[in-house]
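This report looks at one helix and at the aromatic rings of a protein chain. Keep the structure in view while reading.

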Amino acid sequence: MDTFFISHGAPSMSIDETVPARHFLKSWREKVLPERPKAILVVSAHWETSNPSVNVIDGPNSTIYDFYGFPKPMYQLKYPAPGAPALAKRVVGLLNGAGLGPVKEDKARGLDHGAWVPLMFMYPDSDIPVCQLSVVARKDATYHYEMGRALGPLRDEGVLVMGSGSATHNLGDMGPDGGPIPSWASGFDAWLTEALLDGRYEDVKRYEEKAPYAKKAHPYPEHFHPLHVALGAAGDDAKAELIHQSWTDQSLSYSSYRFNKA
């Protein structure tokens with residue numbers, strides 16, 4: 001099973017049919033990954049903890065509306081995918097075994113919009129078990145890459161490992177759709193694609209030093225670190241592929257990537 005990084009954009013994609021990435025995600029099973037995963041592990045930017053945490057849910061996941069001031073229909077959407085407690089326990093064992101614990105087990109948390117918004121288009125029947133893994137506050141990209149490396153065996157077990165974040169994420173510097181993309185956003189996005197496709201993964205791990213406009217594109221790293229987990233899970237010799245690229249809000253990139261073994 002290949003691993004993926006999905007730029008999930010604004011939660012309004014859930015009801016806004018004009019967002020190009022929405023149509024990309026709806027074509028997922030036909031054009032990207034026809035193989036049905038046994039379970040899905042989502043590393044979402046919208047769950048940040050002091051230690052790695054997984055949700056251990058026996059039964060359907062609840063739908064978390066972790067956004068404010070959006071249209072009412074968004075708060076009526078549901079994605080009741082079954083939990084994946086066996087996968088959660090496997091994640092705990094792999095991360096603790098790699099010395100990246102202690103891993104916390106959260107038996108109440110459901111799926112935040114970094115998970116359920118893309119999944120509602122990718123797998124609309126909500127019938128594949130889903131487990132979430134947090135990103136870890138105050139840990140760097142290399143730490144998250146090592147988390148991914150520890151999770152690598154899941155690929156051979158039919159588990160879809162998916163990072164969900166954003167290729168650029170500066171909510172304080174967005175603008176109207178259709179406006180010119182600012183140079184800091186296009187520059188960082190182009191650098192990221194080039195570095196990944198060229199296999200310069202050390203540069204991607206050290207993006208704060210290596211990338212142009214790194215701090216502007218990601219004032220905080222939580223929306224970028226899911227990429228490092230997905231990349232690490234594919235292995236050191238993985239090949240990257242750009243599978244979607246679009247923009248909304250003038251500076252919000254939806255660049256998304258597949259990582260597979262060479």
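## Helix 6

In this predicted model, the buried residues of helix 6 are Trp184, Ala185, Phe188, Asp189, Trp191, Leu192, Thr193, Ala195 and Leu196. The helix runs over residues 183-197, which makes 15 residues. From its first C-alpha to its last, helix 6 reaches 21 Å, close to the 21 Å expected at 1.5 Å a residue.

After helix 6 comes Gly199, and the phi of Gly199 is positive, near 75 degrees.

## Aromatic pairs

A pair of aromatic rings is described by the distance of the centres and the angle of the planes. The model holds 13 aromatic pairs. One of them is formed by Phe24 and Trp28, with 6.2 Å from centre to centre and 75 degrees between the planes, an edge-to-face arrangement. Phe24 and Trp28 are both buried.

Another pair, Tyr257 and Phe259, is stacked: the planes are 15 degrees apart and the centres 6.5 Å apart. Tyr257 counts as buried because its relative accessibility is 0%, and buried means under 20%. Phe259 has a relative accessible area of 0%, so Phe259 is buried too.

Ring pairs also join several residues into a cluster, made up of Tyr65, Phe67, Phe70, Tyr75 and Trp116.

## Charges over rings

Which ring has the charged end of Lys205 over it? The ring is that of Tyr145, and the charged end of Lys205 sits 4.1 Å from its centre. Lys139 lies over the face of Tyr143, 5.2 Å from the ring centre.

Definitions and conventions
Residues numbered from 1 in each chain as written. Predicted model: local features only at pLDDT ≥ 70, side-chain atom pairs only at ≥ 80, totals over all residues. Heavy atoms only, no water. Helix = DSSP H or I, 4+ residues; strand = E, 2+ residues; numbered from the N terminus. Expected span 1.5 Å × (residues − 1). Buried < 20%, exposed > 50% of the residue type's maximum accessible area, 1.4 Å probe, protein only. Phe/Tyr/Trp six-rings, centres within 6.5 Å; stacked < 30°, edge-to-face > 60°. Lys NZ or Arg CZ within 6 Å of the ring centre and 35° of its normal.
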